[in-house]
Amino acid sequence: MNHLLRSHAPISDAAWTALDREATERLTPALGARKLVDFSGPHGWEYSATNLGRTGRLASAPAEGVTGLHRRVLPLVEARADFQLSRSELRDADRGAEDIDLESLDKAAHQIAVAENVAVFHGWNGAITGIGESAPQEQIALGETAEHYPRQVAGAVEQLLCSGIGGPYGLALGRAQYRRVVETAEHGGYPLLDHLRKILEGPIVWAPGVQGAVVLSLRGGDFLFESGQDLSIGYDSHDSEVVRLYLEESFSFHVATPEAAVALKP
């Protein structure tokens, strides 16, 4: 990962280990999309496009009697979240401090995780078509209270079954919707989270950045997240007070079967 220029940073090996560990701990819970779609990679920073297996006809050819096609590919996008750390805090880390201030790293990790979730579920204008915007079924309104969520989720599952899309199914919930679910018990005290899992026969994930929720099939082959460089910390510059760093990744996302998901409006 030479392009990350980590060897140029005034950061010790021990401090880099601490930063990578902190980033992993902050990113893992928030990367909800990866828990529900097919993941391929990482294929490396040099990897630039996903093969779609399709062609388009060229309008002309360089010689008579020859026709031409061009291969269609999906370019990877690069996402980056910048942050900076105090050099004095990094020196304290080398002295063995367990409570160094990594708030800026935590914030950047959350921001880039949200961006990835939004790109997968809602799209990235001009770059990625998301699951929700490609799903052909009419969106279902969740409503303001979680008590009606089982009916709406069951309706979404029925839509998928009617389209011939088998399960199990997963559910991505935005922050507000997830909080409502975990706070709600149905009549008799039965946890709503468990009821929804029984309907789906699959997982429910916290996906910050999602507006509402998305029910999707987990049978495989319908949604592909292709990673070039997985999320990594890189070095930008430094002065006597701070080190400027960033979190970066490259990826593409392809919806192969739009009808394999139903979006639920907030």
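Biologist: Is Asp194 buried or exposed, or partly exposed?

Modeller: Keep in mind that this is a predicted model. Asp194 has 31% relative accessibility, so it counts as partly exposed.

Biologist: And which residue does Asp194 form a salt bridge with?

Modeller: Arg197, with the closest N and O atoms 3.2 Å apart. Arg197 is at 36% relative accessibility, so that one is partly exposed too.

Biologist: How far apart are Asp194 and Arg197 in helix H7?

Modeller: They're 3 residues apart, which means about one helical turn separates them.

Biologist: While we're on H7, what's the angle where the axes of H5 and H7 cross?

Modeller: Roughly 15°, and the axes come within 10 Å. H5 covers residues 149–162 and H7 covers residues 192–200. Angles under 35 degrees count as roughly parallel, so that's what we call H5 and H7.

Biologist: Which hand is the crossing, left or right?

Modeller: Right-handed, as H5 passes H7.

Biologist: Which residues meet there?

Modeller: From H5 you have Tyr149, Pro150, Val153, Ala154 and Val157. On the H7 side they meet Leu192, His195, Leu196, Ile199 and Leu200. By class, that contact has 9 nonpolar residues, 1 polar and no charged ones.

Biologist: Okay, back to charges. How many salt bridges does the count come to?

Modeller: The count comes to 12 salt bridges.

Biologist: What does Glu22 pair with?

Modeller: Arg26, side chain to side chain, at 3.1 Å from N to O. Both sit in helix H1, residues 13–30, and being 4 residues apart they're separated by about one helical turn.

Biologist: What about Arg80, where's its partner?

Modeller: That's Asp82, with the closest N and O atoms 2.9 Å apart. Arg80 counts as partly exposed because its relative accessibility is 39%. Asp82 is partly exposed as well, with a relative accessible area of 49%.

Note on methods. Residues numbered from 1 in each chain as written. Predicted model: local features only at pLDDT ≥ 70, side-chain atom pairs only at ≥ 80, totals over all residues. Heavy atoms only, no water. Axes fitted to C-alpha atoms, helices over the stretch in contact; angles between N-to-C directions. Helix = DSSP H or I, 4+ residues; strand = E, 2+ residues; numbered from the N terminus. Parallel < 35°, antiparallel > 145°, perpendicular 65-115°, else oblique. Left-handed = near helix turned anticlockwise from the far one by under 90°. Contact = heavy atoms within 4.5 Å. Nonpolar A, V, L, I, M, F, W, Y, C, P; charged D, E, K, R; others polar. Salt bridge = Lys/Arg side-chain N within 4 Å of Asp/Glu carboxyl O. Buried < 20%, exposed > 50% of the residue type's maximum accessible area, 1.4 Å probe, protein only.
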